[in-house]
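Student: Hi! Could you walk me through this one? I'd like to start with the rings.

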Amino acid sequence: IQPSDVPQCFSHFTHTVTLGTKLVCDLQGVWNPTDGFVLTDPVIHRVLPASMSRGRNGKTDKGRAGVRQFFESHQCNSLCRMLGLEQPDLQSERITVQARPRLQRCVICFHDAACLTAQPC
């Protein structure tokens with residue numbers, strides 16, 4: 001796994017774990033071997049019903065269009081595959097995910113299966 005894979009995979013993960021209702025992307029930050037990642041300046045796109053306005057998370061929240069834009073350029077990497085993340089159907093009007101990700105081995109310690117979380121098991 002390359003350190004550069006983590007922010008892209010994290011964005012993909014946020015879409016999957018929220019069942020396609022949110023996506024955290026455009027992360028800025030640094031990585032170092034002592035502290036890991038320090039990520040800042042996120043953009044949160046929230047997919048709302050058509051009758052509701054976008055922008056609930058500020059001016060950068062582009063809603064459904066922002067999610068589509070992310071996945072049009074996202075290339076799943078080894079970490080996405082390790083977590084069992086799948087590309088959503090961009091042709092669908094909903095672009096949501098139907099089921100939560102399956103349990104995998106912990107990507108931190110590679111031991112027992114763990115629920116997908118952002119913290120070590």
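This is a predicted model: local features need pLDDT of at least 70, side-chain atom pairs count only at pLDDT 80 or more; totals for chains, interfaces and linings use all residues.

Student: How are the rings of tryptophan 31 and phenylalanine 37 arranged?

Tutor: Their centres are 6.5 Å apart and their planes meet at 55 degrees, so this pair is tilted. An angle over 60 degrees would count as edge-to-face, and one under 30 as stacked.

Student: And what about phenylalanine 70 and phenylalanine 71?

Tutor: Those two rings have centres 4.9 Å apart and planes at 85 degrees, so that pair is edge-to-face.

Student: Are phenylalanine 70 and phenylalanine 71 buried or exposed?

Tutor: Both phenylalanine 70 and phenylalanine 71 are buried. Tryptophan 31 counts as partly exposed because its relative accessibility is 44%. Phenylalanine 37 is partly exposed too, at 28%.

Student: Okay, new topic! Which residues make up the largest nonpolar core?

Tutor: That core has 7 residues: Leu23, Cys25, Val43, Val47, Val67, Phe70 and Phe71. Strand β1 (22-25) and helix α2 (63-73) each supply at least two of its residues.

Student: Which element gives the most to this core?

Tutor: That's α2, with 3 residues. There is also another core apart from this one, made of 6 residues, including Cys9, Leu79, Cys80 and Leu83.

Student: Where does serine 11 sit?

Tutor: Serine 11 is in helix α1, which covers residues 5-17. Its relative accessibility is 3%, so serine 11 counts as buried.

Student: What is serine 11 in contact with, leaving aside its neighbours within four places in sequence?

Tutor: With those neighbours set aside, serine 11 is in contact with Leu23, Val24, Cys25, Leu27 and Phe70. You've met some of those names already: Leu23, Cys25 and Phe70 belong to the largest nonpolar core.

Student: What does the side chain of asparagine 32 reach?

Tutor: It reaches the backbone nitrogen of aspartate 35, at 2.7 Å.

Student: Great, thanks!

Technical notes. Residues are numbered from 1 along each chain as its sequence is written. Side-chain values use heavy atoms; hydrogens and water are left out. Rings of Phe, Tyr and Trp (its six-membered ring) pair if their centres lie within 6.5 Å; planes under 30 degrees apart count as stacked, over 60 as edge-to-face and the rest as tilted. Buried means under 20% relative accessible area, exposed over 50%, partly exposed in between (1.4 Å probe, protein chains only). A nonpolar core is a set of buried Ala, Val, Leu, Ile, Met, Phe, Trp, Tyr and Cys residues joined through side-chain atoms within 4.5 Å. Helices (H or I, at least four residues) and strands (E, at least two) are DSSP runs, numbered from the N terminus. A polar contact is a pair of N or O atoms within 3.5 Å; within protein, one must be able to donate a hydrogen and the other to accept it, and residues adjacent in sequence count only if both atoms are side-chain atoms. Contact means heavy atoms within 4.5 Å.
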